[in-house]
Amino acid sequence: MGSLHGMVLDRYGPYRCVFDTDTATVPVFTEHGAWVGEAPNPDVIGDLIDAYENGSPH
């Protein structure tokens, strides 16, 4: 089993984000596990979620 040190799971309403201290990118999933996308940095998580909700390519 891998180590979770340096990783944080955060919640944005029905979305889950995985923050890893080793990278700036942030994977984003729905609470049910559907892939939303990967934000290039934490500042654009909201934009990624908005695009997902509006059916825009991300």
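From the N terminus on, the elements follow the order β-β-β-β-α, so that the secondary structure amounts to 1 helix and 4 strands, where helices (H or I, at least four residues) and strands (E, at least two) are DSSP runs numbered from the N terminus. The model is a predicted one, in which local features need pLDDT of at least 70 and side-chain atom pairs count only at pLDDT 80 or more, while totals for chains, interfaces and linings use all residues. Residues are numbered from 1 along each chain as its sequence is written, and side-chain values use heavy atoms, with hydrogens and water left out.

The strands can be taken in pairs, two strands being paired if DSSP finds at least two bridges between them. S1 and S2 run antiparallel and are joined by 6 bridges, with Met 7 standing opposite Asp 20 in S2. The hairpin of S1 and S2 has 2 residues between the strands, and in it Gly 13 takes a positive phi near 60°. S3 and S4 also run antiparallel, joined by 4 bridges, and the bridge partner of Pro 27 in S4 is Glu 38. In the hairpin of S3 and S4 there are 4 residues between the strands, and Gly 33 has a positive phi near 100°.

Of the 58 residues of the protein, 24% count as buried, a term that here means under 20% relative accessible area, with exposed meaning over 50% and partly exposed the range in between (1.4 Å probe, protein chains only). The accessible surface comes to about 4000 Å², of which 55% belongs to carbon and sulfur atoms; such areas come from the Shrake-Rupley method with a 1.4 Å probe, and for residues only the protein chains shown count as cover.

Which residues make up the largest nonpolar core? A nonpolar core is a set of buried Ala, Val, Leu, Ile, Met, Phe, Trp, Tyr and Cys residues joined through side-chain atoms within 4.5 Å, and the largest one here has 9 residues in all, namely Tyr 15, Cys 17, Val 26, Val 28, Val 36, Ala 39, Ile 45, Leu 48 and Ile 49. Two or more residues of this core come from each of strand S2 (15-20), strand S3 (26-30), strand S4 (35-39) and helix H1 (45-53), and H1 gives the most, with 3 residues. Over the whole protein, residues 24 or more positions apart account for 8% of the contacts with a separation of 6 or more.

The structure also holds 2 aromatic pairs, a pair being rings of Phe, Tyr and Trp (its six-membered ring) whose centres lie within 6.5 Å, with planes under 30 degrees apart counted as stacked, over 60 as edge-to-face and the rest as tilted. Tyr 15 and Tyr 52 form an edge-to-face pair, 6.1 Å centre to centre with 90° between the planes. Because Tyr 15 lies in strand S2 and Tyr 52 in helix H1, this pair ties together parts that are 37 residues apart in sequence. Tyr 15 counts as buried because its relative accessibility is 7%, whereas Tyr 52, with a relative accessible area of 30%, is partly exposed. Phe 29 and Trp 35 form an edge-to-face pair at 5.0 Å centre to centre, with 70° between the planes; Phe 29 is partly exposed at 27% relative accessibility, and Trp 35 is partly exposed at 46%.

Thr 30, in strand S3, is buried at 13% relative accessibility, and beyond its neighbours within four places in sequence it is in contact with Pro 14, Tyr 15, Arg 16, Val 36 and Tyr 52.

Arg 11, in strand S1 (residues 7-12), counts as exposed because its relative accessibility is 55%. Its contacts, leaving aside neighbours within four places in sequence, are with Arg 16 and Glu 31, and the C-alpha atoms of Arg 11 and Glu 31, which are 20 residues apart along the chain, are separated by 8.6 Å. The side chain of Arg 11 also reaches the backbone oxygen of Gly 13 at 3.1 Å.

How values were computed
Contact = heavy atoms within 4.5 Å. Polar contact = N/O pair within 3.5 Å; in protein donor to acceptor, adjacent residues only side chain to side chain.
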